Amino acid sequence: MASFDIVSKIDPQTLENAVNNAKKELLTRYDFRDTKGGIELDKANNIITVSSENSMKVKSLEDILMTRMVKQNIDPTSLDFTAEEEPSGALIKKKLKVRAGIDKDLSRKIQKLIKDSKLKVEAQIQGEQLRVTAKKIDELQAVIALLRQNAATIGQPLQFVNMKS
């Protein structure tokens, strides 16, 4: 039986490099001169905190962070931008959660997508990953192609690892 695993993970060192590069860019930007706030990475909880004086600058900080992530080959959809901005004294803070692992709801959504494709494969949820098994490697490659086509509806970057035949 051929199989592979579907995971969603980010290299912590690469993420830290992207955040550090964004911090360096903030120091050189004229529009952020003499402003409070910045970008902070909480490695333990996988949360990036973006803070500044107004929401327009918070949005600019998010854009800077996204461009630095793309340059480090990190998919920007791995950040959850749905969090609300929170006022904290003179600053506005926004906490961006780094999506690592596949949660149960997304696992079920991917599993349903694979079953609806009518391919002769079996997908099993194993913690924060999915294992897909089939008799032929061609069917597994069809599943990978299907998931890449539907990447926009999934909304989280996926990696395909441990391909075994």
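User: Which residues of α1 are buried, and what makes them lie on the same side of the helix?

Analyst: In this predicted model, the buried residues of α1 are T14, L15, A18, V19, A22, E25 and L26. They cover an arc of only 140° around the axis, and therefore they sit on the same side of α1. Exposed residues on the other side are P12, K24, L27 and T28. The cover over the buried residues includes β2 (38-42), β3 (47-52), α2 (55-71) and β6 (91-98).

User: How do you know that the span of helix α1 agrees with its number of residues?

Analyst: The 17 residues of α1 (residues 12-28) should span 24 Å at 1.5 Å a residue. The end C-alpha atoms are 25 Å apart, which agrees.

User: Why is E25 called buried?

Analyst: Its relative accessible area is 17%, and buried means under 20%, so E25 is buried.

User: What makes the pair of E25 and R68 a salt bridge?

Analyst: The N to O distance between their side chains is 2.7 Å, and the cut-off is within 4 Å, so the pair counts as a salt bridge. Because E25 lies in helix α1 and R68 in helix α2, the pair ties together parts that are 43 residues apart in sequence. E25 and R68 are also linked with R29 and D31 in a network of salt bridges.

How values were computed. Residues numbered from 1 in each chain as written. Predicted model: local features only at pLDDT ≥ 70, side-chain atom pairs only at ≥ 80, totals over all residues. Heavy atoms only, no water. Helix = DSSP H or I, 4+ residues; strand = E, 2+ residues; numbered from the N terminus. Expected span 1.5 Å × (residues − 1). Buried < 20%, exposed > 50% of the residue type's maximum accessible area, 1.4 Å probe, protein only. Arc of directions from axis to C-beta. Contact = heavy atoms within 4.5 Å.
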